[in-house]
Structure formats: C-alpha cells, structure tokens
Amino acid sequence: MKDSSKIKFICSGILFVLFCALIFAVKFVDVRAIGPESSSIGLAAINEAVHDFFGVNLVLYKITNILGYAAIAVAGCFALFGVYQLVTRRSFKKVDPDIYVLAGCYAVAVLIYIFFEYIIINYRPVDMGSGLEASFPSSHTVLSLCIMSTAIDQFFHRIKSRPLSLALCCSCGVLGAVTVVGRLVSGVHWFTDILGGVLISGAVLLLYLGLCEKLRKSGRNSQ
C-alpha cells in the first residue's frame with residue numbers, strides 16, 4: 001500500500017492540472033461578451049446560466065466579506081502561536097515544523113491572490129462601483145478554504161479535548177463552506193471563479209496535509 005502522504009501529493013498535482021485546464025477552458029472555450037462593459041467570459045453558457053439563476057444578493061456579499069476577515073483572524077492567531085513558540089523556545093529550529101508548513105500554505109494563498117490580480121483571467125459579473133475587477137479565482141474562496149481547512153487539521157492534532165477540538169473544527173468547516181457557497185449565491189463571481197478557487201485551494205491543502213503527515217510520522221513535531 002502506498003504511503004498516504006504520497007497519495008496526497010499525487011492528488012494535489014491532479015487538482016493543479018485540473019485548475020490549469022479550467023483556465024484554458026475559461027480563456028478559449030465558449031468565450032462571449034456577457035460581462036459588464038462587454039467583457040468576455042469563457043464557458044459562457046454555464047456561467048451565465050448559474051449567474052442568472054442566483055441573481056445578485058449584496059447582503060450575502062457583505063456577509064462573506066466579514067467571514068473573509070474572520071479567516072484572516074484565524075490565520076493571525078496561528079501566526080501569534082508560531083511567534084509564541086519562537087519566543088518561549090528561543091530557537092527557530094524548535095518551532096514545530098508544521099507551523100512553518102502552515103505559514104508556507106498561507107504564503108502560497110496570498111501569492112495566488114496577487115498573481116491573479118495581475119494575470120487577469122476574467123472579470124466580475126457585476127460592477128461593484130469601481131469598474132472591471134479581476135474575479136478568477138475567487139480570492140475569498142482561496143483564502144477561506146486554505147485557512148479554515150488547515151485550521152481544522154491544526155485543531156485536530158493540537159487540542160487534546162475532543163469536544164473542544166470537534167467544536168472548533170466544525171465551526172471552521174461551516175464558516176469555510178458558507179463563505180464559498182455565499183460567494184457564489186451572492187452573484188459577485190462566475191461559477192468558474194468559485195470552481196477555480198476550490199481546485200487550487202484543494203491542491204494547496206493536499207500538499208500541506210502530505211507534508212504535515214510526513215513530519216508527524218517522522219516525529220519531528222513536538223506536540
């Protein structure tokens with residue numbers, strides 16, 4: 001039987017390839033001017049159908065914005081935990097290795113956001129008052145899934161109280177799911193924006209989980 005961490009790495013690669021395939025499809029398949037200011041969108045039939053079905057809900061848009069800040073707050077708490085370990089243990093080498101992997105996951109999520117702000121795949125289906133805005137992949141989807149999913153892993157492995165661990169894990173799962181679904185239903189993203197966010201987040205998450213699994217099996221984490 002294969003090492004499960006290797007399976008995670010393979011699945012991460014598959015999701016990344018699917019993400020790249022989606023980009024290709026969005027750029028070259030069924031491209032039509034259905035966006036604001038006649039902006040062209042790929043896979044136009046499905047994107048237009050999903051957007052027309054849900055319409056635009058600015059209340060949900062504002063709620064998901066708040067949930068985005070909640071995800072950032074969770075990331076900030078883990079950053080402070082890493083600083084706490086560094087200060088109390090007085091050595092970078094003594095900080096748990098999976099905290100460094102977690103920091104790397106956060107860094108990749110931020111780099112994805114920055115990259116697609118400059119390399120624009122498509123624009124939002126609605127004008128939010130500032131003209132055309134890049135919308136692929138959904139940054140809220142990427143940040144929320146990367147942060148909340150890794151938080152679930154950290155809580156599960158670090159908190160000895162099962163009821164507390166379960167409560168925190170469930171809360172992160174619900175918040176992440178509501179953010180992703182809310183972002184789609186609010187109508188501020190095309191369906192492919194959300195799908196792209198899910199695919200690339202899944203790739204990053206599986207890479208994170210595979211690396212953490214190898215570290216924990218080798219006994220390099222001190223928890």
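Biologist: Which exposed residues does helix 2 carry on the face turned away from its buried side?
Modeller: Exposed means over 50% relative accessible area, buried under 20%, and partly exposed in between (1.4 Å probe, protein chains only). Helices (H or I, at least four residues) and strands (E, at least two) are DSSP runs numbered from the N terminus. On helix 2, the face away from the buried side carries Asp52 and Phe53.

Biologist: What kind of model is this?
Modeller: Residues are numbered from 1 along each chain as its sequence is written, and side-chain values use heavy atoms, leaving out hydrogens and water. Local features need pLDDT of at least 70, side-chain atom pairs count only at pLDDT 80 or more, and totals for chains, interfaces and linings use all residues: this is a predicted model.

Biologist: Within what arc do the buried residues of helix 2 fall?
Modeller: Helix 2 spans residues 44-54, and Ala44, Asn47, Val50 and His51 are buried there. The arc is taken from the directions from the helix axis to the C-beta atoms. Seen down the axis, these residues line one face of the helix, because they fall within 145°.

Biologist: What covers those buried residues of helix 2?
Modeller: Contact here means heavy atoms within 4.5 Å. Two strands are part of the cover, strand 1 (32-33) and strand 2 (40-41). The cover also includes helix 6 and helix 7.

Biologist: Which residue just after helix 2 takes a positive phi?
Modeller: Phi is about 70° at this position. The residue is Gly55.

Biologist: Which residues have the most contacts inside the largest nonpolar core?
Modeller: A nonpolar core is a set of buried Ala, Val, Leu, Ile, Met, Phe, Trp, Tyr and Cys residues joined through side-chain atoms within 4.5 Å. The largest one has 33 residues. The most contacts belong to Phe19, Phe78, Phe116, Phe136, Phe155 and Tyr208.

Biologist: What does Phe116 touch, not counting residues up to four places away in sequence?
Modeller: Phe116 is among the core residues with the most contacts. Its contacts beyond that range are Phe19, Ile23, Ile121, Ala134, Phe136 and Pro137.

Biologist: What bond joins Phe136 and Pro137?
Modeller: Pro137 lies in the loop between helix 4 and helix 5. Most peptide bonds are trans. Here omega is about -15°, and Phe136 and Pro137 are joined by a cis peptide bond.

Biologist: Where is Gly82, and what does it contact beyond four places in sequence?
Modeller: Gly82 sits in helix 3. Gly82 is buried, with a relative accessible area of 11%. Its contacts beyond that range are Val95 and Ile99.

Biologist: How far apart in space are Ile99 and Ala79, C-alpha to C-alpha?
Modeller: Ile99 is in helix 4 and is buried at 8% relative accessibility. Its contacts include Phe81, Gly82 and Gln85. Ile99 and Ala79 are 20 residues apart in sequence, and their distance in space is 8.4 Å.

Biologist: Which helix gives the most to the lining of the largest pocket?
Modeller: On a 1 Å grid over the protein atoms alone, a pocket is an open set of points where a 1.4 Å probe fits, with protein on both sides within 12 Å along at least five of seven lines; lining residues have an atom within 4 Å of a point. The lining has 14 residues, and Gly68, Ile72, Ser139, His140 and Leu143 lie nearest the centre. Helix 3, helix 4 and helix 5 each supply at least two. With six residues, the one that gives the most is helix 3.

Biologist: What is the phi of Glu37?
Modeller: Glu37 lies in the loop between strand 1 and strand 2 and is exposed at 62% relative accessible area. Most residues other than glycine have a negative phi. The phi of Glu37 is positive, about 55°.
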